Amino acid sequence: MPIRCTICSRNAVLKRPKTSQAVCKECFFDVFETEVHQTIQGHKLFRRGDTVAVAASGGKDSTVLAYTLKTLNERYDYGLKLLLLSVDEGITGYRDDSLETVKRNEEQYGMPLKIVSYEELYGWTMDAIVQKIGLKNNCTFCGVFRRQALDRGALLLKVDKIVTGHNADDIAETVLMNILRGDIARLRRCTAITTGTEGALPRCKPFKYTYEKEIVMYAYFKKLDYFSTECIYSPNAYRGYARTFLKDLEAIRPSAIIDIIHSGDSVAVKDDVKMPVQRTCIRCGYMASQEICKACILLEGLNRGLPRLGIGKATASNLSSYIRKLQVKDGPLTEEQKPQDQCACTHGDRQCAVLSQSHYATQLQSCELDF
């Protein structure tokens, strides 16, 4: 005997991972879209007349997000101007293929598309970065550069907000990762549905309460055009271990994903805990939690032949002093310009900074510097 839809009594075609409801295809579309609409309205994510950039990678999340926002914008008359914004990280055989999907989405959804690239913005591609850093820490570079690249692209488009396809699974994974790393600052804000309100460009996550499996089902039943291959450089990413753990929890208790998000929302930090203050990077002018933003540190390391400069643990004071002393013209370093922790060699030139990296790192109790 066929299972009936719990909403309309027609034959059900799936059981919702989020609620275990048996639903037909039409009712699934309706509840999926209605829940996203309720999230948008309940959290007042947009104002009429906003220009909104959809961060589009060509994957399932951003493709479904673009399609759903277009649908809801027309159905409920949000009055939004929707654009697609993509970042080309320079990953041969992966990003070049996924961008072809985004270009098709541009035509399918009638949304203007802007593509910004790492090579244009930073002078590096991820392929070149991986050759320098290897596969262990490459996701750090990509994540930091992508966040800033989206901001830069959005400013070029003069948009009011960026929306990303981060779903409930992504946010729950981030909560777990921040707990495991003891990162109180990120733990406190990682579940926020809107971030960056203190800066020039807020970011929203309309899929905050939407399960990844339901996004996949929506894309499948709607026959949406999306790119499904995983990044070739991500198999060893730390997030992968958190994802595996979360999937195991979900198999036992489907509500675990939402429960973790609610726990993250309820985190309280003691008054005497010092939290980072949002500021502007003194080098590039973009948002930072220190004097110099992480993107500038990573880029400086790459350009100076010290690719691990932004990886690991160190203090903000070490960051500022070291980078300030690197901000000199090519040529011999004076004694005043040399980092104090640098080795006392007699080279007196740029090569000295490279040769003495291990000496400097030892002083900081870490061979992988992170500011």
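Guide: The model is predicted, so local features need pLDDT of at least 70 and side-chain atom pairs pLDDT 80 or more, while totals for chains, interfaces and linings use all residues. Residues are numbered from 1 along each chain as its sequence is written, and side-chain values use heavy atoms, with hydrogens and water left out.

Visitor: Why are Phe 32 and Tyr 218 called a stacked aromatic pair?
Guide: Rings of Phe, Tyr and Trp (its six-membered ring) pair if their centres lie within 6.5 Å, and planes under 30 degrees apart count as stacked, over 60 as edge-to-face and the rest as tilted. Phe 32 and Tyr 218 are 4.3 Å centre to centre with 20° between the planes, so they pair and are stacked. By this rule there are 14 aromatic pairs.

Visitor: What makes Phe 32 buried?
Guide: Buried means under 20% relative accessible area, exposed over 50%, and partly exposed in between (1.4 Å probe, protein chains only). Phe 32 has 2%, so it is buried. Tyr 218, at 0%, is buried too.

Visitor: How do you know that the charged end of Lys 222 sits over the ring of Phe 29?
Guide: The rule asks for NZ of Lys or CZ of Arg within 6 Å of the ring centre and within 35 degrees of the ring normal. The charged end of Lys 222 is 4.3 Å from the centre of the Phe 29 ring and is listed as sitting over it.
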